[in-house]
Amino acid sequence: MVVGDVTTGTEVLVIGAGPGGYVAAIRAAQRGLDTTLVERDAYGGVCLNRGCIPSKAYITATDVAHEAATAEEMGIHADPAVDMAAMRDWKDGVVDRLTGGVEKLCKANGVDLVEGTARFTGENTVRVEHGGEGQGSETVEFERCIVSTGSRPIQLPGFDFADDPVLSSADALDLDTVPDRLVVVGAGYIGMELSTVFAKLGTDVTVVEMLSDVLPGYEDDVARVVRTKAENLGVGFNFGEGASGWRDSADGGIVVTTETEDGEESSYAADAVLVAVGRRPVTDTLDLENAGLEPNEDGFLETDDRTRTERDHIHAVGDVAGEPMLAHKASAEGIVAAEVAAGEPAALDHQAIPAAVFTDPEIATVGLTQAEAEEEGFTPAVGQMPFNASGRALTTGHTDGFVRVVADEESGFVLGGQIVGPEASELVAELALAIEMGATLSDVASTIHTHPTLAEAVMEAAENAMGEAIHTLNR
Amino acid sequence: MTIREFKLPDVGEGVAEGELVQWLVEPGDAVSEDQPVAEVETDKALVEIPSSYDGTVKELRAEEGEMVPVGDVIITFEVAEEAEEPEAAGESEAEEATEAEATESEATEAEATEAETTTPGERVFAPPSTRRLARELDVDLQSVAGSGPGGRVTDADVRAAAEAGTERRTAESPEPRSVTFGSGTPAVSRREPDEPTVSRREPDEPTVSRREAGDRTARAVERVAEERASSRAAGRERTLATPATRRVAEELDVDIDDVPTEKTREGEPFVTAAMVHDYAESQRAAAETATEVEAEVGSVSEARAAEAPAETLAPEETVEATGGESGPVPGDRVPYRGVRRSIGEHMQRSKAEIPHAVHYDGVDVTDLVRLRERLRPIAANRGVKLTYMPFVLKAVASALREHPYMNASLDEDAEEIVLHDEYNVGVATATDAGLMVPVVRDVDEKGLVEIAAELNDKVERTRERTIGREEMQGGTFTVTNVGVVGGEYASPIVNHPEVGILAMGAIEKRPTVVDDDVVARHTLPLSLAIDHRVVDGAVAAEFTNHLKSSLSTPERLLLE
């Protein structure tokens with residue numbers, strides 16, 4: 001114990017106020033537990049401050065400009081001017097409002113908020129170092145701890161985020177001018193979302209990806225729709241190349257160099273390089289060894305279905321507890337952690353975690369693909385509805401993509417869905433509910449869907465899987 | 001192929017051995033996992049032992065009738081390689097080697113079988129709320145058979161599983177699938193311990209002139225009425241159901257508003273596919289019975305015309321000889337075991353410890369007969385068959401309240417008489433295996449229809465031997481309806497540690513003096529046995545008087 005330290009006690013200590021942590025803290029407080037939430041940076045975590053929310057703000061804003069500029073077919077002629085600084089201010093306003101809301105919610109539910117960085121000093125204690133020199137520290141004794149420290153972008157060797165032209169996803173969401181030329185390293189979902197944003201803002205975007213296609217992990221026919229659209233927007237793709245470094249160039253910009261596995265080098269001129277090659281869990285600030293914990297090889301804290309680590313009284317939720325690194329997964333785990341802390345029989349027993357990519361068009365998936373269903377031993381019944389057969393899709397001018405539903409042929413249970421197309425991120429909710437409830441194709445197909453909506457495509461796909469679709473040819 | 005030994009599993013509740021009552025398979029039979037292979041009776045219950053393997057029966061290592069200790073190998077199977085090993089794997093390295101030599105076709109076969117019998121991905125289809133309920137009730141969802149469309153597991157399925165206590169059979173020790181009931185409580189009370197005959201249909205209903213000729217006709221007709229009652233159209237205006245359930249209803253040509261249900265969602269009646277199936281089934285059954293009975297009634301009338309009225313009980317409803325088709329025959333020595341012995345030992349203890357005294361009386365129940373006739377259709381509209389028993393139970397609860405020492409137990413060790421503050425009345429019920437006493441709890445707090453519904457359900461499940469043992473515990477008084485079989489008075493044995501037991505004779509018209517005239521009135525003979533250590537004869541008489549006033553003037557029950 002450091003001289004001058006104050007020791008406080010709490011029943012539940014939550015470390016990290018992202019979508020896993022603040023949700024856990026609020027639920028724990030709702031359950032009557034004395035709860036303390038420690039955050040070293042900003043309430044709402046990466047999601048609200050530097051991830052989901054700001055990126056969606058930009059995506060929507062740039063869509064507005066892009067739509068207006070490309071609506072000649074609808075008889076609209078416009079040449080929108082984009083004020084990047086103003087767009088950023090608007091985005092900041094949205095973020096402030098949400099993070100302020102999180103803080104208020106925590107307080108209103110009786111959560112004690114502490115600003116600082118928490119490090120374990122024992123199995124039941126942490127020291128919280130308050131931000132800034134001379135701000136002091138305090139020791140917090142806890143009965144249960146919920147670790148929700150999240151993740152940070154992986155830094156590539158040769159690309160230091162501290163250098164101005166090297167952008168992390170967070171930096172890219174905080175620019176006040178639009179770069180003319182941008183190299184994006186990584187064609188995963190973050191790279192693809194931001195490539196689309198900048199392409200729509202008029203940036204000349206070049207994507208460099210080690211693997212052979214965009215969006216690894218998604219089915220080919222799903223990824224292809226997004227890749228084609230991105231190419232149409234002017235995004236250039238270079239697959240099989242790894243970024244090896246960058247240097248200043250004579251024209252005031254930079255040159256990004258890449259290398260193939262065979263050692264073939266290429267270089268791309270740009271004004272900035274965005275590195276989006278994945279995220280790594282944050283555990284190095286925690287002094288985990290003092291609590292008797294150790295991250296696994298991939299840097300995650302391993303947990304059971306009650307979100308408990310090897311030490312039963314210490315939970316881990318969200319990105320730090322493993323893939324998939326998704327905000328809604330973190331929140332779901334946070335709720336379970338808090339309820340388990342309150343002695344309830346909560347558990348992570350979801351059948352599926354939906355995921356969305358906010359590219360143009362959007363991708364959203366939930367549950368099993370056809371191949372995964374086969375692997376698990378199901379005989380899948382698969383149905384598809386292309387958006388170019390949807391009346392509503394035609395009226396929005398966005399007809400790329402499809403809805404696919406995967407079900408168990410024998411029982412009809414819906415097992416999964418893949419949607420690529422307009423509002424895919426919204427449409428997937430219905431399939432997620434169907435999967436969790438154990439709904440059958442017949443349940444989905446027999447539920448009346450509003451006309452004319454994109455959601456009808458979900459119903460049609462279910463009908464198609466049953467061989468009974470009206471608006472598509474049954475296969 | 002490899003040989004697997006299968007040991008008599010621990011059937012729970014500290015049972016160390018069981019009698020192998022019957023083999024359900026023979027050597028050479030193909031069996032699938034979970035298929036029952038044997039019936040084993042312990043002193044707690046009759047259980048079916050399920051196979052843990054897909055394969056072929058190789059050898060039976062126990063004789064029917066043999067007492068087998070838990071853990072002894074009772075049967076061996078030939079199992080194809082790769083068939084999922086529920087038993088601890090790697091029983092011997094050599095075995096593995098043999099398995100490896102198995103032909104490919106066998107392996108493929110085994111995989112195919114497995115694919116058919118296990119759920120892909122171990123997935124259970126149940127909504128999140130149901131999954132949570134399962135955790136709360138500590139039920140393993142994998143072990144619950146879903147009643148929803150496609151086998152989806154519902155809240156009701158989980159609750160039923162929790163009640164039945166069907167824990168997931170673990171690989172190591174497969175538990176019996178249909179543990180039925182135990183008799184840690186008194187399974188008991190009648191005098192006739194070996195009486196095998198009991199009307200299956202309404203043992204709790206005092207019989208009104210049952211043994212008259214033509215009774216069979218009446219009964220047959222009543223059966224139709226019953227079948228109809230069970231298939232009675234609910235006729236609601238609005239019913240909630242999933243689209244898949246509606247489709248099932250359409251396919252079976254069932255109006256979903258007619259399907260009886262007790263479930264609700266958002267306050268609206270809610271129907272599942274299983275209920276639709278049941279209803280369709282019951283309608284078919286009712287139609288069939290109606291046809292059968294027409295034929296039966298015809299033949300009975302003819303028979304009656306031909307001979308004197310000497311029938312006693314309708315043959316198809318009487319004898320359920322112990323053991324069924326392959327049961328013991330005269331000359332056999334039948335082992336005194338299992339439930340029979342459990343009843344016997346309990347009886348012995350009651351009779352040996354308790355100094356019995358029996359009080360006899362009779363009550364004019366003409367008004368009760370009329371009242372019950374008036375209420376019966378109303379209860380039937382609510383889907384409940386109303387017998388006399390609920391009235392008697394209410395009257396008993398009322399009398400127990402007046403006479404707290406009748407609702408008591410003698411704690412000899414503590415030298416105290418425990419006066420109970422609950423009125424839990426057991427109803428002696430005959431089953432194939434012997435007498436069981438399901439308990440209706442808190443009779444004083446329940447209405448007639450509620451009691452009737454609960455009683456019907458419990459009696460039925462007792463007969464099916466699916467009732468939980470906890471539902472046969474905690475009684476504070478017992479009623480036994482001897483009259484349903486026949487007779488007026490009896491000397492029942494008190495159900496230890498209770499203080500009293502009431503035997504009801506048959507409700508029949510008997511000569512009764514009313515206003516100095518002898519007239520035919522419906523009367524109910526009563527026999528009350530008491531523990532004379534706790535109460536005296538005077539209390540028994542007062543208690544019976546209270547019962548009589550309630551039953552002769554049943555309006556009094558309204559005041560309860």
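# A guided tour of chains A and B

Colour chain A by confidence to begin: in this chain the mean is lowest in strand S1 (residues 6-15), at 90, and highest in S19(A), at 98. The quantity shown is pLDDT, the predictor's confidence in each residue on a scale from 0 to 100. Across chain A the mean pLDDT is 94, and 98% of the residues reach 70 or more. This is a predicted model, in which local features need pLDDT of at least 70 and side-chain atom pairs count only at pLDDT 80 or more, while totals for chains, interfaces and linings use all residues. Residues are numbered from 1 along each chain as its sequence is written, and chains are lettered from A and ligands numbered from 1 in the order in which they are written.

**Stop 1: the sheet around S19(A)**

Select the five strands of chain A that form an open sheet in the order S18-S19-S22-S21-S20, with antiparallel pairing. Strands (E, at least two residues) and helices (H or I, at least four) are DSSP runs, numbered from the N terminus; two strands pair if DSSP finds at least two bridges between them. At the edges stand S18 (355-357) and S20 (380-386) of chain A, each with a single partner strand, so one side of each has no neighbour in the sheet. On average, neighbouring strands here are turned by 10 degrees against each other, direction ignored.

Zoom in on S18(A) and S19(A) (residues 362-367), which run antiparallel and are joined by three bridges. Within this pair, Val357(A) has Ile363(A) of S19(A) as its bridge partner.

**Stop 2: a hairpin in chain A**

Move to S12 (residues 241-248) and S13 (residues 254-260) of chain A, an antiparallel pair with seven bridges. Trp246(A) is found opposite Val256(A) in S13(A). Five residues lie between the strands of this hairpin, where Gly252(A) has a positive phi near 90 degrees.

**Stop 3: two helices of chain A**

Select H3 (residues 52-69) and H4 (residues 84-108) of chain A, whose axes come within 9 Å and cross at roughly 140 degrees. Axes are lines fitted to C-alpha atoms, for helices over the stretch in contact, and angles run from 0 to 180 degrees between N-to-C directions. H3(A) and H4(A) are therefore oblique to each other: angles under 35 degrees count as roughly parallel, over 145 as roughly antiparallel, 65 to 115 as roughly perpendicular and the rest as oblique. Display the contact residues, among them Ile53(A), Pro54(A) and Tyr58(A) of H3(A) and Met87(A), Lys91(A) and Leu98(A) of H4(A). Contact requires C-beta atoms, placed from the backbone, within 7 Å.

**Stop 4: two helices of chain B**

In chain B, select H10 (residues 389-402) and H12 (residues 537-552), which pack at about 140 degrees with their axes 9 Å apart. That angle makes H10(B) oblique to H12(B). Contact residues include Phe391(B) and Glu402(B) in H10(B), together with Phe543(B) and His546(B) in H12(B).

**Stop 5: where the chains meet**

Finally, show both chains: the contact takes 18 residues from chain B and 17 from chain A. On the side of chain B that touches chain A, H3 (128-136) and H6 (243-251) of chain B each supply at least two residues. The largest share of that side, four residues, comes from H3(B).

Notes:
Two residues are in contact if their C-beta atoms, placed from the backbone, lie within 7 Å.
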